[in-house]
Amino acid sequence: MKKNFYALLGISLLTSWSFAQKPERVLDKTNMREGEHVEFCVTHKKLAELKKDPVMAAMIVAAQQESENQLKSKGDNNTTKSTIYKIPVVFHILHNHGSENISKEQILDAMSILNRDYRRLNTDANNVQTPFQGMPADVEIEFELAKIAPNGACFDGITRTVTALTNDGSSGQAQVNAVIAGNDIYQGIWPHTKYLNIYVASEIGGAAGYTFNPMGDATASAQGMYYNGVFILDTYTGSIGTSNVTHSRALTHEVGHWLNLSHTWGDNNNPGNASSCGEDDHVQDTPMCIGVTSCNLSSNTCDDTNDPNNFSSWTTNVVDNVENYMDYSYCSKMFTPGQVARMRAAIISTIAGRNQIITASSHAATGIDTAPTLCMAKFATTRTVICAGESIQFTDESYNAATGWTWTFTGGSPASSTTQNPTIIYNTPGTYAVKLVATDGNSNSTSDIAGYITVLPTASGLPFYESFENMAVLSNPKWFVDNTTGNGWAVTNTVGKTGTNSAKLSNFNETTTGQTDELIAAPVDLSSINTATGVTLTFKCAYRKKASTNSDILRVLLSKDCGETWEIRKTVTATSMSGTNTATTTWTPTSADWLTVHVTNITSAFWTDNFRYKFQFISGGGNNVYIDDINVYAGSPSEEPVTAGLQDLGSLADISLFPNPADNEVQIAFSSKTASNEIKLYVTDLTGKRLQQHVVQANEGNNLVYITTSDLSAGTYLIQMVSESGQRTLTFVKK
């Protein structure tokens with residue numbers, strides 16, 4: 001094919017904010033591979049978007065023309081053929097302590113696949129369709145993890161940045177800026193003329209991956225890092241961990257764009273559009289096509305015999321090159337010689353300084369031509385807080401050439417090990433150090449971390465109550481605070497619903513929307529709970545918006561395994577906590593400002609002896625937030641019939657149920673005139689059959705009860721609220 005427009009998979013340079021939950025996006029299903037939930041590429045869309053800016057449009061046209069001239073004048077001639085070009089690579093992992101913080105093993109797997117595909121070492125290239133037999137070509141480009149950072153520090157080619165922006169890729173430039181400012185190796189510019197920067201995140205604007213063809217200058221800048229980087233989801237990185245084999249060649253595809261390739265059908269439309277038969281990718285030996293979103297080996301979408309510039313060996317129309325890495329298929333396995341020529345021309349081009357990345361000076365600066373030596377002992381675990389009797393696997397992350405390991409585990413069993421990645425059991429509560437001495441046979445490096453492992457004390461029994469009155473700070477083993485930047489949860493002795501203390505998060509001055517702060521509790525023993533009693537978590541919170549548009553969120557997450565895994569069980573919105581009230585100056589609640597939240601859906605899966613819960617606050621521009629009077633207690637719903645006709649409930653006021661119709665839960669808000677007001681809630685069908693029953697201890701003032709409806713079929717249901725003063729029946733519809 002001939003007509004290549006720059007295959008810019010990118011996003012406009014806009015600042016953005018992020019919640020820690022992924023933003024809702026309107027996805028174009030015609031630009032998605034079958035069975036997937038992200039757009040595989042957004043090349044043509046982003047190109048059109050960028051070209052709306054006259055300056056950007058001129059830059060794109062100039063880069064395109066220079067690239068075409070470069071290819072015509074040099075191509076892959078005898079001076080470059082059989083030269084193996086090496087590219088230093090850095091993986092920048094953006095994470096917020098979730099699964100997107102992928103392992104080094106998964107990154108190494110992704111690198112292995114990238115090198116396999118670009119050196120044509122993949123055995124499936126031998127099984128392409130008949131018209132393309134013998135065509136799959138070796139690009140003769142290799143990729144190697146950098147060993148030296150821009151400041152000369154030794155590292156392993158991986159940086160990690162804790163940021164809520166991992167979940168919001170609305171602005172790739174914002175994600176790059178987060179890496180520059182907050183990664184764990186070197187805070188500054190990672191020049192694109194020395195490193196291929198690959199950014200891995202949980203969300204990158206609704207796509208699986210994107211990048212830019214070579215464009216712009218060789219300036220070492222944040223913008224240069226953005227326009228010359230590759231962005232990819234963690235779930236499309238490699239074939240293991242959070243990814244899989246089906247997704248594993250997305251990085252091969254994106255690096256193809258980075259090396260100046262287009263999609264096989266050109267850049268005008270989504271795959272499958274008939275008008276693409278009039279477009280081209282400027283590569284002669286790829287047949288005209290409209291693109292596929294599955295492994296459709298019989299696809300034959302354009303009449304190539306009508307293309308006067310088509311590949312000379314094709315005298316008749318042929319099937320589409322569905323197995324090409326630059327298509328959307330699930331069976332991609334090849335680059336053509338024409339694509340190889342184009343990529344090799346790109347890597348020796350001056351456009352965006354691509355030719356600088358393959359120089360000896362670049363290789364020396366990044367350490368890829370240096371024999372690896374041990375420069376740092378390092379280890380990691382998936383978690384550092386466990387319950388007694390649990391085990392932890394330690395992973396050696398020493399770089400770059402450890403061959404021996406001597407571990408010391410204070411309080412652990414065994415207490416020492418020479419295995420590279422040992423598994424250790426801790427039986428006694430306490431806080432313990434871990435020490436690793438790594439060696440490469442010539443030198444040693446030591447990592448010795450005091451207080452690295454915390455083994456929690458025996459779980460509290462029921463009822464559990466916390467009012468923060470007898471503590472000055474939130475410290476383990478009773479409470480843990482997870483805070484990456486800015487203010488974290490802390491005890492305040494100036495206000496409380498009960499007494500004078502509470503847990504406070506100073507959110508008023510939080511400037512990062514999407515900042516996540518967690519308050520994590522020690523274990524509670526729920527093993528004695530049974531179906532007849534059930535269990536409820538109640539807490540009081542106080543919060544104000546600063547403006548009506550604020551979107552802060554308070555979540556309650558539960559764990560059945562001492563914090564190894566967590567499930568979101570409740571999300572309390574800013575409006576639920578604040579209503580229409582706002583406070584434009586730093587805010588402290590009065591007694592009337594507290595809302596009691598009742599979490600009733602602690603199902604039997606959580607009735608273990610190491611149940612844990614945590615509060616997760618996600619900033620959205622609002623004021624301070626407070627938590628007090630946390631109570632975990634067993635309910636005792638009776639089976640007595642509900643008396644018909646008694647509709648008083650004089651102890652309660654302002655009763656409302658929402659949303660209605662409901663999806664997965666309904667909320668019941670009410671005000672109690674008295675403290676310790678026991679309310680029984682029965683969910684029934686229209687025949688009166690009880691489907692759920694809950695007991696909450698309503699507190700004086702505003703209360704909010706969550707009832708899970710996810711297990712109910714679509715239809716109409718009743719919720720009967722019963723107290724000593726009467727009863728009230730509420731009706732709702734499950735969608």
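Is Cys375 buried, partly exposed or exposed? Select it and look: Cys375 counts as partly exposed, at 29% relative accessibility. Keep in mind as we go that this is a predicted model.

Cys154 is partly exposed, with a relative accessible area of 29%. Check the torsion about the S-S bond: it is about -55 degrees, so this disulfide is left-handed.

Now move to Cys295 and Cys331, joined with an S to S distance of 2.1 Å. Here the link is right-handed, with 100 degrees about the S-S bond. Both residues lie in the loop between helix H6 (250-258) and helix H7 (337-347), so the bond ties together parts 36 residues apart in sequence. Cys295 is partly exposed at 36%, whereas Cys331 is buried at 12%.

For the next stop, select Cys387 and Cys562, whose sulfur atoms are 2.0 Å apart in a disulfide. This link is right-handed too, at 90 degrees, and Cys387 and Cys562 are both buried.

Zoom out: the count comes to 4 disulfides, in the pattern 1-6, 2-4, 3-5, 7-8. Finally, pick Cys289, which is in no disulfide; the nearest cysteine sulfur, that of Cys302, is 6.3 Å away. Cys289 is buried, at 2% relative accessibility.

Technical notes:
Residues numbered from 1 in each chain as written. Predicted model: local features only at pLDDT ≥ 70, side-chain atom pairs only at ≥ 80, totals over all residues. Heavy atoms only, no water. Disulfide = S-S within 2.5 Å. Buried < 20%, exposed > 50% of the residue type's maximum accessible area, 1.4 Å probe, protein only. Helix = DSSP H or I, 4+ residues; strand = E, 2+ residues; numbered from the N terminus.
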